[in-house]
Amino acid sequence: MSGTRREIPNDPGRSDRILDAALDVIAEGGVHRTTHRKIASRAGVPLGSLTYYFNGMDDLLALAFARLAETMSQLYRRTLHGAGSPAEAEAAVVELICGPAYATDRDMTLIFEMYAYANHNTAVAATTRSWLRRSRESLALHFTPGVARALDALIEGWPMHRRFDATPLNRQLVAGVVHAVVSAAPDLPDEQL
């Protein structure tokens, strides 16, 4: 060693564990009940680690929500990227709306919390805008920008309804609506992603 500080961190995954723990705490009780103490306990780290790695609760929450948005964007992209035909692309959209992988109950809780917090935090608002843009870019692999925006609204909104209705979505109905939106492409205005 060339000084008093160690050259290699003794716990290189600590900040990631803290962010994951923050998302768990938010999912369990909401942003308004999230504390440094709860996050540290959940992550299994000393309380001081939170102030070492993050510049306060706003920074920690902003980075945790950025982590959520990144994870969700990657799943969105993978699901759409695998489609090899227009019919497969429509089926991928239906899967994002109805399937079990994209919008789990935990995901929906975190998304609700992120959207609400974005109203009061500029960094999280920027993350949310970036996530929406990335979602539409993934949809634009197969659809025009106007259709991508309309489908993204369905993908975001329909799982919210499912969550509060507490009933499964009718996959056949969802597939019909997705197809109708895609079929209406020539009549939908084209716009920027």
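Reply: Happy to! A salt bridge here is a side-chain nitrogen of Lys or Arg within 4 Å of a carboxyl oxygen of Asp or Glu. Please keep in mind that this is a predicted model. By that rule the count comes to 8 salt bridges.

Let's start with R42 and D24, whose side chains meet in a salt bridge at 3.6 Å, N to O. This pair links distant parts of the chain, with R42 in helix α2 (residues 36-43) and D24 in helix α1 (residues 14-29), 18 residues apart. R42 has a relative accessible area of 41% and is partly exposed. D24, with a relative accessible area of 22%, is partly exposed.

D24 also has a salt bridge with R106, at 2.6 Å from N to O. Here too distant parts of the chain are linked: D24 sits in helix α1 and R106 in helix α6, 82 residues apart. R106 counts as partly exposed at 36% relative accessibility. Put together, D24, E28, R42 and R106 are linked in a network of salt bridges.

For another setting, look at helix α7, where R133 and E137 are 4 residues apart and so separated by about one helical turn. Their salt bridge has its closest N and O atoms 3.4 Å apart. R133 is partly exposed at 37% relative accessibility, and E137 is partly exposed with a relative accessible area of 33%.

Conventions. Residues are numbered from 1 along each chain as its sequence is written. This is a predicted model: local features need pLDDT of at least 70, side-chain atom pairs count only at pLDDT 80 or more; totals for chains, interfaces and linings use all residues. Side-chain values use heavy atoms; hydrogens and water are left out. Helices (H or I, at least four residues) and strands (E, at least two) are DSSP runs, numbered from the N terminus. Buried means under 20% relative accessible area, exposed over 50%, partly exposed in between (1.4 Å probe, protein chains only).
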